[in-house]
Amino acid sequence: MRFLLFVFIAILSLEAKGPDVRPVDNELYKKECATCHYGYQPGLLPTQSWEFIMQNLENHYGSDASIDDETNKSILSYLLANASQNAMNYKRSAKITNSLENGVLYKSITEIPYHIKKHRKIEKWMITQKEVKTLSNCTACHKKADQGIYGDDSVNIPNYGVWRD
Ligand code: HEC
Ligand code: HEC
């Protein structure tokens with residue numbers, strides 16, 4: 001009996017734990033922005049960052065990712081509507097927003113103070129190894145990232161394993 005109660009509570013608490021950020025649900029975004037890399041959720045960055053990124057696609061982290069104006073407009077409006085400040089009901093989007101310093105333009109997720117703080121304990125080799133390469137490669141470690149889930153119980157670092165703090 002006590003065991004059943006335990007299972008019941010465990011299931012309840014799992015369900016109460018929704019995604020950390022809102023999962024991507026825009027087909028155009030998936031098509032244009034999730035081919036070279038994983039489709040980063042809009043709620044991982046504030047509006048100013050998305051505006052900057054979408055205005056500079058021909059010069060995109062050393063790649064040319066330019067698209068026509070109409071596609072750009074449509075994707076930008078999706079990104080802005082779901083950017084971190086506009087998704088404060090999602091736990092990580094709220095933490096990201098609250099970590100921003102006034103007047104700073106963050107040009108990538110990896111520059112966001114909350115992101116830096118959360119990844120500061122990871123050893124360098126875990127990132128530079130060939131299975132990961134860069135901290136931008138979220139899905140190498142976050143096994144449920146595409147569902148918007150980033151909690152440490154879904155982290156599995158190649159050649160290291162589950163995260164132990
Ligand atoms: C031609 C390939 C290509 C396309 C298409 C592309 N990107 Fe990228 N993007 C890159 C590269 C290369 C990087 C650098 C990070 C890396 O090495 O994975 C990057 C990085 C990023 C980052 C920063 C990630 C971080 O860790 O901070 C964001 C945000 C981003 N891209 C958004 C977009 C959006 C939005 C689109 C669609 C409009 C898009 N990308 C389309 C190649 C591309
Ligand atoms: C090398 C592996 C690795 C990569 C790559 C990586 N992360 Fe993480 N991330 C971790 C680990 C480990 C933690 C847990 C840190 C802790 O809780 O102490 C974490 C924590 C987080 C958290 C906080 C979750 C929580 O519940 O506290 C978020 C959000 C997150 N990562 C997002 C990202 C995003 C977005 C990317 C890609 C731009 C990324 N991570 C890339 C390993 C990684």
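## Residue classes and model

Ala, Val, Leu, Ile, Met, Phe, Trp, Tyr, Cys and Pro count as nonpolar, Asp, Glu, Lys and Arg as charged, and the others, Gly among them, as polar. By these classes, the shell around ligand 2 holds ten nonpolar, seven polar and four charged residues. The shell around ligand 1 divides into twelve nonpolar, six polar and two charged residues. The model is predicted.

## Surroundings of ligand 1

Ligand 1 is surrounded by 20 residues, and the closest are Cys33, Cys36, His37, His60 and Ile109. The space that ligand 1 takes up is the second largest pocket. Helix H2 (27-33) and helix H3 (47-55) are the elements that give two or more residues to the shell around ligand 1.

Polar contacts of ligand 1 involve both side-chain and backbone atoms of the protein. A nitrogen atom of ligand 1 lies 2.7 Å from an N or O atom in the side chain of His60. On the backbone side, an oxygen atom of ligand 1 is 2.6 Å from a polar backbone atom of Ile109, and an oxygen atom of ligand 1 is 3.3 Å from a polar backbone atom of Thr110.

## Iron site of ligand 1

Which protein atoms are donors to the iron atom of ligand 1? They are NE2 of His37 and NE2 of His60, lying 2.0 Å from the iron atom. The arrangement is octahedral because the six donor atoms around this iron atom subtend angles of 86 to 179°. His37 is in the loop between H2 and H3, and His60 is in the loop between H3 and helix H4 (69-81), so the pair ties together parts that are 23 residues apart in sequence.

Ligand 2 sits in the largest pocket. There are 21 residues around ligand 2, of which Arg92, His119, Cys138, Cys141 and His142 come nearest. Helix H6 (residues 113-119) gives the most to this shell, with four residues.

A polar side-chain atom of His119 is 2.8 Å from a nitrogen atom of ligand 2, and an N or O atom in the side chain of His142 is 2.8 Å from a nitrogen atom of ligand 2. For Asp152, a polar side-chain atom lies 3.4 Å from an oxygen atom of ligand 2.

## Iron site of ligand 2

His119 and His142 coordinate the iron atom of ligand 2 through NE2, at 2.0 Å. Why is the arrangement around the iron atom of ligand 2 octahedral? The six donor atoms subtend angles of 88 to 179°, which makes it so. The pair links distant parts of the chain, 23 residues apart: His119 belongs to helix H6, while His142 lies in the loop between helix H7 (124-128) and strand S1 (156-157).

How values were computed
Residues numbered from 1 in each chain as written. Chains lettered and ligands numbered in written order. Predicted model: local features only at pLDDT ≥ 70, side-chain atom pairs only at ≥ 80, totals over all residues. Heavy atoms only, no water. Near = heavy atom within 4 Å. Polar contact = N/O pair within 3.5 Å; in protein donor to acceptor, adjacent residues only side chain to side chain. 1 Å grid on protein atoms, 1.4 Å probe; cavity = no way out; pocket = protein on both sides within 12 Å on 5 of 7 lines; lining within 4 Å. Sits in = over half its atoms within 2 Å of the grid points. Donors = N, O, S within 2.8 Å, 3.2 Å for Na, K, Ca; no water. Tetrahedral: all angles 85-135°; square planar, octahedral: opposite > 155°, others 65-115°.
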